[in-house]
Amino acid sequence: MVCGSSYSLALLPILWLTVCCVGSFCLAFTPKDYSDALEKSILFYEGQRSGRLPPNQRLKWRADSGLSDGSSYNVDLVGGYYDAGDNVKFGFPMAFTTTLLAWSVIEFGSSMQSQIQNARAAIRWSTDYLLKAATATPDTLYVQVEDPNVDHHCWERPEDMDTPRNIYKVSAQNPGSDVAAETAAALAAASIVFQDSDPSYSSKLLQTSMRVFDFADKHRGSYSDSLGSVVCPFYCSYSGYQDELLWGASWIHKASQNDSYLAYIQSNGLTLGAGDDDYSFSWDDKRAGTKVLLSKDFLQNNIQEFQLYKVHSDNYICSLIPGSPNFQAQYTPGGLLFKGSESNLQYVTSSAFLLLAYAKYLSSAGGIASCGTSTISADRLISQAKKQVDYILGDNPAKISYMVGFGQRYPLHVHHRGSSLPSVQQHPAKIGCSDGFQYLYSASPNPNLLVGAIVGGPDNNDHFADDRNNYQQSEPATYINAPFVGAVAFFASKETET
């Protein structure tokens with residue numbers, strides 16, 4: 001165990017010190033540990049795949065599923081990801097997951113080394129599906145497969161699904177600017193990822209992104225109002241659609257460098273939330289992420305119109321840093337950012353990513369974050385992000401890793417249908433809708449390891465119940481892992497100095 005180790009940062013020309021052990025818990029993770037976490041955080045997505053699995057599928061306990069999705073409506077909606085522990089394909093969080101996976105690769109792909117191909121594959125599994133959802137029918141975006149109210153009455157493997165695979169869409173008559181603009185953001189961000197490796201695919205992604213964004217902007221309205229109980233309360237657009245419109249335009253501007261999107265941001269920014277301070281970043285609320293993304297254009301490209309976004313990025317970042325005059329975040333006694341009792345780690349991974357991305361932008365421009373009368377350096381942001389990453393990986397009072405398959409202790413009773421039921425290889429006979437509940441309530445560990453899954457995490461006192469029926473703490477989700485991919489990639493590339 002080495003405390004006070006310093007790191008040499010290739011991207012950031014600074015030396016910074018890790019915080020020494022305090023109390024009874026402290027683990028020193030090496031770049032190799034972070035590389036292991038990176039590999040596993042990407043591998044998780046193979047456990048979430050819907051559709052026909054490829055020959056190189058690594059999680060062998062999964063099999064083909066949802067092969068007729070969309071067929072009853074004469075559209076092909078095979079593929080994509082199940083969002084969490086159920087068998088629903090929710091387009092809104094799937095698109096956000098894709099945007100954040102792409103952003104992770106854009107900022108930290110150079111640190112992913114052997115995992116860059118797996119990261120691209122994880123993104124493409126989603127974008128192939130989103131392209132179909134966006135182009136199957138003119139002026140229509142298919143945004144969901146399966147009614148969650150029906151799905152949640154069953155506990156069955158995705159390979160056994162026998163509930164109606166209803167599909168849901170937004171259109172000019174029933175708008176969904178939030179989900180459509182997020183889909184546009186995902187396609188635009190992914191187009192940057194594939195610019196060099198697959199230019200024709202990249203171009204297709206970007207062109208489709210522009211069309212979907214135009215649809216979102218022209219036919220304004222929330223998909224929650226259009227689709228009601230099939231998306232609410234599961235993935236209700238509580239923040240409205242304005243944040244997604246600004247987020248989507250920002251990603252298309254970044255991907256295309258088309259001046260019309262710069263003009264759109266300048267003309268519509270304030271009405272779409274540019275002047276708002278918001279202190280969380282999630283599948284629902286994109287405001288903090290948009291500010292950080294656009295601040296890069298001010299810091300690195302000196303686009304003066306984007307100075308406002310740097311100011312609000314500072315406000316968000318400063319709210320996370322203990323001791324800052326603007327500090328307002330809540331942390332557990334063990335040091336974990338705490339936003340809510342349900343799936344709290346989604347906020348931890350997203351904030352850690354923004355801290356690292358913003359640190360990179362600041363460092364490249366020789367900048368600092370202004371927190372009232374104080375200033376915060378890039379190395380301070382990195383240190384704060386590292387505490388959150390390390391907590392997730394096991395440096396916490398409970399001495400448990402919240403990533404399945406990482407470390408010596410991790411959750412064994414994950415709230416996940418496919419992981420908790422015998423695989424089709426071990427139990428070829430169908431397990432019916434109601435028959436599966438015996439596995440939900442079983443005290444036995446999950447028979448199939450969902451490697452890399454980050455669960456919802458502990459409560460505000462660092463207590464964690466490894467209980468499959470406690471979905472608030474034990475359910476994984478694609479959008480928890482997505483920003484974590486970028487964060488662990490950053491730390492995987494660092495060389496420890498003794």
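Student: Why is Pro-175 called buried?

Tutor: Buried means under 20% relative accessible area, exposed over 50%, and partly exposed in between, with a 1.4 Å probe and protein chains only. Pro-175 has a relative accessible area of 15%, so it counts as buried. The model is predicted: local features need pLDDT of at least 70, side-chain atom pairs count only at pLDDT 80 or more, and totals for chains, interfaces and linings use all residues. Residues are numbered from 1 along each chain as its sequence is written, and side-chain values use heavy atoms, with hydrogens and water left out.

Student: Where is Pro-175 placed, and which residues does Pro-175 touch?

Tutor: Pro-175 is in the loop between strand S5 (167-171) and H5. Helices (H or I, at least four residues) and strands (E, at least two) are DSSP runs, numbered from the N terminus. Contact means heavy atoms within 4.5 Å. Not counting residues up to four places away in sequence, Pro-175 touches Val-170, His-219, Arg-220, Gly-221, Ser-222, Tyr-223 and Ser-226. Pro-175 and Tyr-223 are 48 residues apart in sequence, yet their C-alpha atoms are 6.0 Å apart in space.

Student: What makes H5 largely enclosed by the rest of the structure?

Tutor: Of the 17 residues of H5, 17 are buried, so H5 is largely enclosed. From its first C-alpha to its last, H5 reaches 24 Å, close to the 24 Å expected at 1.5 Å a residue. The expected span of a helix is 1.5 Å times one less than its number of residues.

Student: What values are found for helix H12 (residues 345-364)?

Tutor: The 20 residues of H12 should span 28 Å, and the end C-alpha atoms are 29 Å apart, which agrees. H12 is mostly covered, since 19 of its 20 residues are buried. Just after H12, Gly-366 takes a positive phi of about 65°.

Student: Why is H5 called roughly parallel to H8?

Tutor: Two packed helices are described by the angle between their axes and the distance between the axes. Axes are lines fitted to C-alpha atoms, for helices over the stretch in contact, and angles run from 0 to 180 degrees between N-to-C directions. The axes of H5 (residues 177-193) and H8 (residues 242-256) come within 8 Å and cross at roughly 20°. That makes H5 roughly parallel to H8. Angles under 35 degrees count as roughly parallel, over 145 as roughly antiparallel, 65 to 115 as roughly perpendicular and the rest as oblique.

Student: Which residues of H5 and H8 meet?

Tutor: Those that meet include Ala-181, Ala-185 and Ile-192 in H5, and Leu-245, Trp-247 and Trp-251 in H8. By class, the contact of H5 with H8 has 11 nonpolar, three polar and four charged residues. Here Ala, Val, Leu, Ile, Met, Phe, Trp, Tyr, Cys and Pro count as nonpolar, Asp, Glu, Lys and Arg as charged, and the others, Gly among them, as polar.

Student: How do you know that H8 is roughly parallel to H10?

Tutor: H8 and helix H10 (residues 287-301) pack at an angle of about 30°, with their axes 9 Å apart. That angle makes H8 roughly parallel to H10. The contact of H8 with H10 divides into five nonpolar, four polar and five charged residues.

Student: Why is Asn-74 called exposed?

Tutor: Asn-74 has a relative accessible area of 73%, so it counts as exposed. Asn-74 is found in the loop between H1 and strand S3 (89-90). Phi of Asn-74 is near 60°, a positive value in a residue other than glycine. Most residues other than glycine have a negative phi, and most peptide bonds are trans. The peptide bond from Cys-232 to Pro-233 is cis, with omega near 10°.

Student: Is Ser-319 buried or exposed?

Tutor: Ser-319 has 2% relative accessibility, so it counts as buried. Ser-319 lies in helix H11 (residues 307-320).
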